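This briefing concerns chain contacts, strand pairing and nonpolar cores. Please view the structure below before reading the points that follow.

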Amino acid sequence: MSKEPESHYSIDKLHFIFALAALALLVIVGGVFMKDYDRKWKDYQKKFRTYEIEVARTTYDAELNELNDDAAYQELLTEIEKAEKDYEANCLGNDALEQEIEDLETQKILKEQDLKYTNAERDAAKFRYENAVGHHVGDPKATKGEYKSFADRAKTLKREVEDLKVALAAKTEIKAKCGKQLTELERKKRRITSERDIVERKLDAIDPNQMDFTNRVAQMVRDLPILDLSTPTTEVKQIVLKDITDDRIIRQVPKVDRCITCHLGIDNPAYKDFPQPYKTHPNLDQYVSNDSAHPMEQYGCTVCHGGRGRATSFQTAVHTPQNEEQKQDWKKKYNWKADHHWEEPMYPLQYTEAGCFKCHSGEYPIKGAETLNLGLQIIERAGCYACHELERYKDWPKPGPDLTHIASKLSKEFAYKWIEDPHFFRKDTWMPAYYNLANNSDLMSMARGQQEIHAMVNYLFAESQDFNLSKMPRKANAENGAELVASLGCYACHQSKPLDGDHDVTNDDLRRQHGPTLTGLGTKTSKEWVYDWLKDPNRYHPETRMPNMRLSDQEAADIAEHLTQDTHKTFVMKSIPGFDEDIINDITMEFLGKQMPKTSAEKKLATMDLDQKLKYSGEKLIGRYGCYSCHNIKGFDNAKPIGIALDEEGSKALHKLDFGYVHVDHTKHGWFDQKLKAPRSFDNHKVKAPGEKLLMPNFRLSAHEREAVVTSILGFVTDVTVKNKIKPRTPENLQLEKGQEIIAQMNCRSCHKIEGEGATVQDTIVDWLKAYQGKTDSEAEKFLTSFSPPDLHGAGKKIDIEWLFNFLHSPDVEVRPWLEARMPTYKFNVGHLNTLVQYFNTLDGEDKFPVNPKPDVSLTDHEYKQAEKLFSLEYLGCNLCHIVGNETPTGTQDTWAPDLTLAKTRLKPEWIIEWIKDPQALVPGTNMPTFFDPSDYENSGAPDILDGDEDEQIRVLRNYLMTLTPDKRKTKVKVEIPASDTNEAGASEATP
Amino acid sequence: MSNHDPNKETLFQKMQKTQVFRAIFRTGGAIDTHKKRVLVTLNNVFLHLHPVRLPKHAVKVKYTWCMGGLSFFVFLVLTITGILLMFYYRPTVEYAYGDVTDLSEQVPLGIMREIHRWAAHLMVITVWLHMFRVFMTGSYKPPREFNWIVGVILLILTMLMSFTGYLLPWDQLAIWAITVGANMAAATPVIGTAGPGASLLAIGDVNFVHGTADAKFAMLGGRFVGEAALIRFYVLHCIGLPFVMMLFMIVHFWRVRKDGGISGPT
Amino acid sequence: MSSNPNNQTTLDQPVERRSFIKWATIGWAAFIGVVGGYASILIRYLFPNVLFEPKQSFRAGKPDEYVIGEVSERFKDLHGVWIVRETDKIYALATVCTHLGCTPTWMPGEAKFKCPCHGSGFYKNGINFEGPAPRPLERYLIGFNDSGEIVIDKTKKFQYEKGEWDDPQSFIAA
Amino acid sequence: MIESIKLFINQITAPQISFTAIILLFFFIFPPSEGLYKFHKKIGLHKLWTNAGGKFMMGALFLFFCFGIMDENFRLIVTKADNVPIVGLLFLVVFFLWFALKQGYDNDKRIEEGKGPIEAEDAKEKVLVWPDLVYIELIAIVGCSILLLVWAMGLAAPLEAPANPTVSPNPSKAPWYFLGLQEMLVYFDPWIAGVLFPAIIKLGFMAIPFIDNNPKGAGYYTFNERKMAISIFLFLWLVLWIFLISTGTFLRGPNWNFFGPFEYWDTHKLEALTNINLSELVYMIWLGQALPDNILIREMWGFLLIGAYFVITPALLTVTIFKKVFQRLGPVRYSVFIVLLLLACSLPIKMYLRWAFNIKYLVAIPEFFFNI
C-alpha cells in the first residue's frame with residue numbers, strides 16, 4: 001500500500017474499489033442482457049418447435065407407411081428402376097449425339113448474337129431513314145439503302161437461326177425421347193409422394209436430428225444474445241389489422257395483436273390435444289382459420305377476447321382467470337397479478353361470448369353464441385329491460401301481468417303471500433323476491449317489510465277496477481282439458497311443472513318459460529277467471545303476449561277445470577301477520593316528510609285513518625320499488641323505469657362499481673355476478689335508512705343462468721374500434737333484425753323452426769302422441785314431423801305475400817287440418833304483419849328487384865286434361881298425401897300433406913315449379929316424393945304426357961293446382977286488421 | 001507490461017511511440033510521472049474543467065458528496081438514453097402509447113425506458129442533494145452568489161425536464177398529471193382564465209384572455225391536454241429545455257472555476 | 001500507509017506502481033468489458049423484434065388461376081412480383097431491374113420487360129438481352145401452403161447467374 | 001399488538017398531528033437562536049449528530065420500513081413504481097442530513113477549541129486532480145451506473161391505461177416532485193399554490209446569498225456559526241417541501257383523502273370537508289347577520305387580517321426577537337427576508353386555520369377568482 005505525494009487517497013485502495021465496482025457493473029451489464037434475453041415467449045416457441053417436429057414426424061411416418069402399403073406405388077418404383085436401367089443402357093454414352101447437339105447449340109448462339117446485332121443496326125438505320133424523310137435530316141436515299149441492306153441481312157440470319165433451331169430440335173428430340181419414359185414415371189412418382197415430400201422438407205428445416213453438424217451449430221448460434229438480431233428462430237409474431245382499431249380515444253389506430261407469438265398452434269388443427277398455449281382454437285369453422293367467418297388475419301384476437309394485443313407476456317396480456325382455482329394456479333405458474341390499468345381485460349373463458357355482442361347486437365338470436373343467447377333470453381324472460389333501459393328491448397311489452405283488475409283474479413291474501421316470497425309459491429317464477437334479502441332480513445326490517453306488503457296490496461286492491469268475468473259453461477271435463485293442453489301446443493310456452501334443479505337451463509327450456517309454469521292455479525285464482533282469460537286474454541290484459549287460441553266455450557271450460565285442479569297446500573297454510581299501525585305510521589311519515597315539513601306531515605298523519613295510510617304508503621312504495629315497470633298499475637302510467645340504463649354497462653369503468661364491503665373479485669364480472677346472486681349484498685355493513693337501501697330484487701338465478709346473464713351484460717358496450725366490421729345497416733339487414741325481434745318477442749321459435757333454430761314444442765308433441773294417441777316411441781318419432789308446426793325454412797320463397805299477411809293476422813285457415821297444435825291468433829298490428837312478411841321474404845332474398853311479371857297460369861283444354869291425368873292416381877297421385885278441399889288422403893296421418901286447394905292463394909307460382917322439380921333441394925328430408933329425378937331429368941317424366949316434356953308437365957301441373965278452388969272449405973280468410981297506429985301501446989312503435 | 005527486462009519494450013510501449021498514438025494522446029501513454037499527471041488534466045478537453053491541483057478537502061467525498069458531478073453524469077445518461085428512445089417513439093396521439101408499450105413488449109433492451117425514467121427521478125434527487133450540500137457548506141456566499149442563482153435555475157429546469165417528459169408515454173398517469181399542472185397555469189393572475197384578474201386584460205367588451213388565449217393554452221396548444229400538448233411537450237423535452245440547460249450548465253461549470261474553484265475555508 | 005511521506009517529489013519522478021498492478025488491470029479490463037457491453041446494448045437495440053412493414057410473404061391463389069404462357073401483373077403493385085406460368089412451371093419474378101432498380105414495364109406485344117430508365121430489356125423468363133442490365137431479373141421463393149395455394153416469400157431470392165434457378169424452391173412444377 | 005401499533009401510526013401520521021409534532025420538535029432539533037441552542041445541547045439532542053445518532057436514525061427509519069413492508073397496504077403504496085424514488089429520497093435525506101450536521105458539529109467543536117474547521121486544515125495541503133479526483137469521479141460514475149441498472153432491472157417503469165381525457169383516475173396526482181404544491185392546493189387557491197408560491201420559492205431561493213450576509217461558515221460545515229440560516233432553510237426544505245411531498249405521495253389517496261400508511265385506500269372513504277370563509281365566520285356566526293352585498297365590506301376582515309399580518313407582525317418581530325437580525329441585515333435585506341419568511345409561514349398558518357376553524361379562505365372573491 002502506498003500513498004503518494006500530492007494525493008489524498010491511496011491509489012491502491014482506489015484501484016481496488018474501482019476494480020470491484022467495475023466488476024460489479026460488468027456483471028450487471030451481463031444481467032441486463034440476460035433479463036432482456038430471457039423472455040417467456042421464446043421458451044414457448046422453442047417448446048413448440050419440439051412439438052412441431054413431433055407432429056411432423058408422426059405425419060411423415062404415417063405418409064411413409066401409406067406409401068409402403070400402396071401397391072401401385074411399389075409397382076411404380078420397380079418400373080422406375082427398370083426405366084432407369086433402360087435409360088442408362090440406351091441413352092447414356094451416346095457421345096456423338098451429345099457432341100452434335102453441343103455444336104449446333106454453339107452455332108445457334110453465335111447466329112443469334114449476330115442476328116441480335118443486325119437487328120439493332122437495322123432498327124437504328126430504320127430510325128435514321130425515317131428521320132431523314134420526316135425531319136429532312138440526312139439523305140433519305142442513302143439511309144434507305146443502308147436500312148434495306150441491314151433488313152435483308154437480318155432476314156437471312158433469321159432464317160438461318162430458324163433452320164438451326166429445327167435441326168437442334170430434331171437432335172434433342174432423339175435424346176429426349178430416349179428419357180421420356182423415365183421423366184414421365186418420375187413425374188408420376190412426385191405426384192404421389194408430394195405430401196410426404198412437403199413434410200420431409202419441413203422436417204429438414206426444423207429437426208436438428210436431420211441436420212448436419214454445421215447447421216446444428218448454426219441453429220444454436222442464431223438464437224444467442226446479440227447475434228439474435230440477425231435471423232433468430234424465435235420471433236414476435238403479430239397481426240396488424242386494417243379495419244379494427246385500438247382505441248386511443250382521440251384517434252383510432254390499427255390494432256396490433258401478438259397473441260400468436262405464444263399461441264402458436266391456434267390455427268392448426270393438429271394441435272387440438274396439446275396444452276396451452278399451443279392448443280388449437282376450439283372452433284376453427286367460425287374463427288381463426290382462413291376460410292372461416294372470422295379469419296385471424298382480418299379480426300385478430302383481442303377484439304373478441306379482450307386483453308392487450310401488443311403484449312408478449314402472460315401478465316401484460318391481461319389474462320383473466322375463470323375462477324379462484326385458476327387464479328391461484330396462475331399466481332403460482334405465471335406470477336399473475338390483477339391489472340387494474342387496462343380497461344378491457346381478457347374475458348374469463350366462460351364469458352368469452354360477450355365479445356360477440358359488439359358487432360352482432362342487432363341479431364336475435366346470435367348464431368353460435370349459446371351462452372350469450374341464453375343470457376339475452378333470460379333478460380327477456382325476467383324482464384330486466386323493464387327497470388333497466390336497454391336499446392335492444394326498447395318498446396317491448398311489460399313482462400308482468402296487468403294489475404288494474406287484480407281483485408277479479410286474486411285474493412288479498414294470495415297477493416300478500418306472493419309478494420312476500422313468490423318463489424315459495426312457484427319456484428321458477430320470473431317474479432323476483434323483494435323481501436328477506438341481504439339488506440332487509442333483520443327483525444326490524446322484516447317487521448317493516450310485512451307492513452310494506454300490506455300497504456302495497458291494499459293500494460292495488462283499492463285501485464282495482466271492476467271486471468266482469470264471462471259466463472262459463474256449467475259442465476266441464478278436466479280430463480278433456482288435460483288432453484287439450486297437451487295437444488293444442490300450450491306447452492310450447494308453458495310448462496306443467498318447474499324444471500329439475502339439477503340440469504343447466506338451455507335456450508329451449510327458456511322458450512317453454514315464456515309464460516308462467518301452470519302450477520297451483522287452483523290456489524291462485526278461480527276457474528272462472530281462467531276460463532275468461534283463455535277465451536280472450538287481451539280483454540283482461542290488453543298488452544299480453546298470450547295469444548288467443550280460438551277455443552270453443554267448452555274447450556276453454558275444460559282447460560280451466562283442468563288447470564285449477566292443481567293447488568299449493570303449504571302456501572295456503574302460510575299465515576299473514578296483522579297490521580302494525582306504528583310501523584305503518586313510520587312508513588307514511590317517511591313519505592309525507594319528503595313532501596312537506598315535518599310538523600305539517602305530523603298534522604296530516606293525524607287526520608288519516610288506517611286505510612288511507614295504507615293506500616298512501618302503498619302507492620309510494622310501489623313507486624319506490626318500481627312495480628309499475630313490469631306491471632300495469634293505475635296511477636303509474638308515465639312513471640320512468642327505476643334502474644340504470646344497461647346499454648353501456650359492459651364498458652363501465654371498474655371504479656364506478658361500488659363493491660361496498662363484499663369480498664368478491666374486484667372485476668366487472670365479479671361484481672355483476674354478485675349483483676345477480678345477492679343483489680342487496682353491497683349494502684352489507686352499511687348504515688342506511690330504509691329509503692336509501694338498494695332496491696334490486698333477487699331473481700334466484702342459478703350459477704349457470706348468472707353466468708349467461710353476466711356474459712350478456714359484459715357484452716353491452718359501445719365500441720368504436722369495430723365500426724368497420726359491424727354488419728352494415730342496410731335496409732335488408734334492418735328488416736331481418738326487426739323480424740327476428742318480433743319472433744323473439746312472440747316466442748315463435750317455440751313452435752316453428754326458424755333460421756334453423758327452435759321447434760321446442762316437438763318434445764311435448766312426442767309426449768302427447770305417446771300419452772293420448774297411444775303411439776310407441778318409434779311411432780311417435782315417425783309421426784312427429786307431421787304433427788308438428790311446420791319448419792319455416794324457405795317460407796319467404798314459398799308463400800304468397802298477401803296470403804301470408806292474412807294468415808298471420810288471422811290464422812284460422814287449416815292448411816294442415818290433421819294438426820292438433822293450433823296456430824293461435826296474435827294481436828299483430830299492420831306494422832308487425834308487414835315486418836314479419838318482409839322478414840321471411842328478405843330472408844329468402846325474395847324482395848329484390850327486378851320485379852317479374854306474374855307467370856301465366858292459364859291452361860288450354862288439352863293441357864288441363866293432361867294435368868288432371870298427371871295429378872290422378874294413374875300418374876303422380878297427388879291426393880294420396882295431399883288434402884284437397886274436404887277430401888282427405890287415405891294413408892296414415894304421418895304422410896299427410898297440406899291442402900292443395902289453398903295453393904292458388906297461398907303459394908308463389910314460381911316456387912311450385914321449383915318444388916315439384918326437386919323438393920329435396922328446397923327442404924332436405926321432406927316427405928314429398930321426387931317425381932322428376934334431377935340426375936336424369938330428361939327421362940324422368942311420364943313419356944306419354946305432353947310428349948314427355950318434363951318442363952311442360954310441371955308447368956301444367958302447377959297451373960292445374962291454381963285452378964283448384966277452396967269452394968268446399970269451411971272458412972275464408974278474413975281481412976280485418978287494426979291499423980298500425982291504433983292504441984296498442986308499444987307494439988306499433990316497434991315497427992315504424 | 002512485464003518487469004523482466006526493462007530494456008525490452010512491450011507492445012504497449014511500442015504503440016505509444018507511433019505517430020498516430022501521439023497525435024491522439026498528447027500526454028503520451030502511461031501517466032507515470034507527476035508532470036504527465038499535470039499535463040493530462042491540462043490537455044484533456046473533458047478534464048480541463050478541473051484545476052490541476054486542489055486543496056485536499058475538495059477532493060474528499062466527505063465534503064463534496066459528488067452530487068454535482070453525479071447530476072451531470074445522470075444528465076448525460078438521460079441524453080443518451082433519450083436519444084435512443086427517440087428511435088422508437090413517435091409523439092402522436094396514435095402512436096405514442098403503443099410505441100411505449102412496445103419498448104417493454106418487443107424492442108430488444110427496451111430497458112432503456114426504465115433507465116431513462118429512473119435516471120430522471122435520480123437526477124431530481126441528486127440535484128436537490130447537491131443544493132443541500134452547497135447550502136450546508138455555505139458555498140453560496142460571496143463570491144459565488146451568482147453561481148447559486150444559476151444552480152437554482154438548473155434545478156427548476158431539471159424539474160421542468162422531468163415534467164415535460166412525464167406526458168410522453170401518453171397514458172392515464174401522464175395526461176392527468178399534466179392536466180393538474182396545466183390547470184395551475186390557468187390560475188395565473190391576469191393571464192390565466194381562472195386566475196384573479198382574468199378580466200383585466202379587456203378593452204370594452206372584448207376580453208383578451210379566454211380559453212384559447214391564456215397561460216394554459218400557451219402551454220398546451222389547446223383547451224385540454226391533447227395532440228398539440230403532446231408535440232409541444234415533446235419538443236420542449238427533447239430540444240428546448242436541454243438546450244437551455246446546456247447553456248446554464250456551461251455557465252455553472254465555468255463559474256465554478258472562475259469563482260475560485262470549489263468552495264473552501266478562506 | 002505512505003511509504004515516504006517526507007520525500008520531496010520532483011515532477012519527473014516515476015510513480016511506483018508495481019503493487020497495485022493486479023487490481024488496476026482487473027478493474028480496467030472489467031471497465032473495457034462494460035464499455036463493450038454498452039456498445040452491444042446499443043447495437044442490439046437498433047434491431048427491433050418486430051417489423052411493421054408489409055409482410056414479405058403472401059398468398060397468390062391457386063395455380064390454375066394463371067394462364068399458361070402469360071405474365072400475370074396481379075401482384076405487381078401490391079407486392080412487386082410478376083407471376084409467370086410456363087407450360088411446366090410457375091415462377092415469381094421480382095419487378096426490380098438489375099441495373100439501377102427501376103421497375104420495368106411488361107410489354108405483351110413484344111413479349112419482353114422493358115425498363116424505362118435505361119432501356120434494359122428482359123425476356124419473359126427474366127433473362128436480360130439488351131441494354132445495360134448486367135444480369136437477369138431475380139426470382140423469389142415460391143411454393144405451396146397446406147391448402148394448396150401458391151405462397152411467395154420475398155425474403156429469399158434466386159439468381160440465374162449463380163445457377164439458383166434450378167433450385168426446386170425457385171419454381172413450382174405445374 | 002401489531003394491529004394497534006399500526007392503528008396508532010395511522011392516527012399520528014394524520015397531517016394535523018404529525019405536522020404539529022414536527023413543528024414543535026423542529027426548533028429544538030435545529031435551534032435558530034442561542035438560547036434554544038443551549039437548551040438543545042442541554043437535553044442532548046445534539047447527540048443525534050454523532051455516529052451513534054446516525055446509526056439510530058438510519059436504523060429507526062430502516063426498522064420502520066421493515067415493519068411496514070409486512071403490511072399489505074403499506075407495501076402497495078411504497079412499492080408503487082413511481083413512489084420508490086421517494087422512499088430512496090427519505091433514506092438519502094436522513095443520511096445526508098446527519099452527514100452534513102455531524103461534520104458541522106465536529107467543526108463547531110474544533111472551532112470552540114480554537115482549531116478551526118477540519119476543511120481549513122485540509123486545505124493547506126494540495127493534491128493533484130489526476131488521479132485522485134478523476135478516479136473518484138470515475139468510481140462514482142460506475143457506482144451510479146450500477147444503481148441505475150439495478151433499479152431499471154428490478155422495477156418496471158409504470159405504464160397505465162392509454163390516455164383517456166374522459167375518465168380521470170382517482171386519485172390524479174402530479175409527478176412526485178410537485179406533490180408538495182399539490183398538497184398546498186388543499187389549503188390555497190390554485191393561483192397561490194400553483195403560481196404565486198412556486199414563483200416565490202424560486203425567487204426566495206435565489207435571494208438566499210443576498211439575504212444571508214453572515215460571513216462565517218463559507219466553505220466548511222458548521223452549525224453553530226449559522227444556526228439561524230440553517231434552521232430556516234431546513235424548515236423550508238425539510239418540512240415544507242420533503243415532508244409535504246411524502247405526505248402527498250404516501251398518505252393521500254382517492255379523493256385526496258388522508259390515509260394512514262397502513263390504511264386501505266377505500267375509494268368511498270368519506271371525510272367531513274365543510275369549510276367556511278372568514279367573512280361567513282365573522283358575519284354569520286359571530287355577528288349573526290347576513291353577508292353584506294358589497295364585496296369590499298364583506299371581505300374587509302380578511303384584508304385587514306392579511307394587512308396586519310404583513311405590517312404589524314414584522315414591526316413586532318423587529319423590536320423583539322429579530323432585533324439583532326435587523327441590525328445585521330439592514331432595512332432592505334431585512335424587509336425582503338421578513339416578507340419571504342412571512343409568506344413561507346403563511347402555509348402552516350393557513351393549515352392550522354383550516355384544522356382549527358375550518359377556514360377555507362380569508363378573502364373569498366370568487367367573482368374575480370380572487371381567493372386567499
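A nonpolar core is a set of buried Ala, Val, Leu, Ile, Met, Phe, Trp, Tyr and Cys residues joined through C-beta atoms within 7 Å. The model described here is predicted. Its largest nonpolar core has 165 residues, of which B:V74, B:A119 and B:A174 touch the most other members.

**Nonpolar cores**
- Beyond its neighbours within four places in sequence, B:A119 is in contact with B:V74, B:V77, B:L78, B:T81 and, from chain D, D:L148.
- Another core, of 73 residues, lies apart from the largest one; its members include A:Y531, A:A557, A:I559 and A:L819.

**Contact between chains B and D**
- Chain B brings 87 residues to this contact, and chain D brings 73 residues.
- On the side of chain B that touches chain D, helix α8 (residues 111-136) gives the most, with 16 residues.
- That side of chain B comprises 55 nonpolar, 20 polar and twelve charged residues.
- Strand β1 of chain B (residues 53-55) pairs with strand β1 of chain D (residues 126-128) in the antiparallel sense, over three bridges.
- Within this pairing, B:P55 has D:K126 as its bridge partner.

**Domains of chain B**
- The domain assignment divides chain B into domain 1 (1-53) and domain 2 (54-258).
- The C-alpha centres of these two domains of chain B are 41 Å apart.

**Helix α32 of chain A**
- In helix α32 (residues 801-809) of chain A, the buried residues are A:L804, A:F805, A:N806, A:F807 and A:H809.
- Helix α33 (830-843) of chain A is included in what covers these buried residues.

Methods:
Residues numbered from 1 in each chain as written. Chains lettered and ligands numbered in written order. Predicted model: local features only at pLDDT ≥ 70, side-chain atom pairs only at ≥ 80, totals over all residues. Contact = placed C-beta atoms within 7 Å. Helix = DSSP H or I, 4+ residues; strand = E, 2+ residues; numbered from the N terminus. Nonpolar A, V, L, I, M, F, W, Y, C, P; charged D, E, K, R; others polar. Pairing = 2+ DSSP bridges. Buried ≥ 20, exposed ≤ 12 C-beta atoms within 10 Å, placed from the backbone. Domains from an automatic or database assignment.
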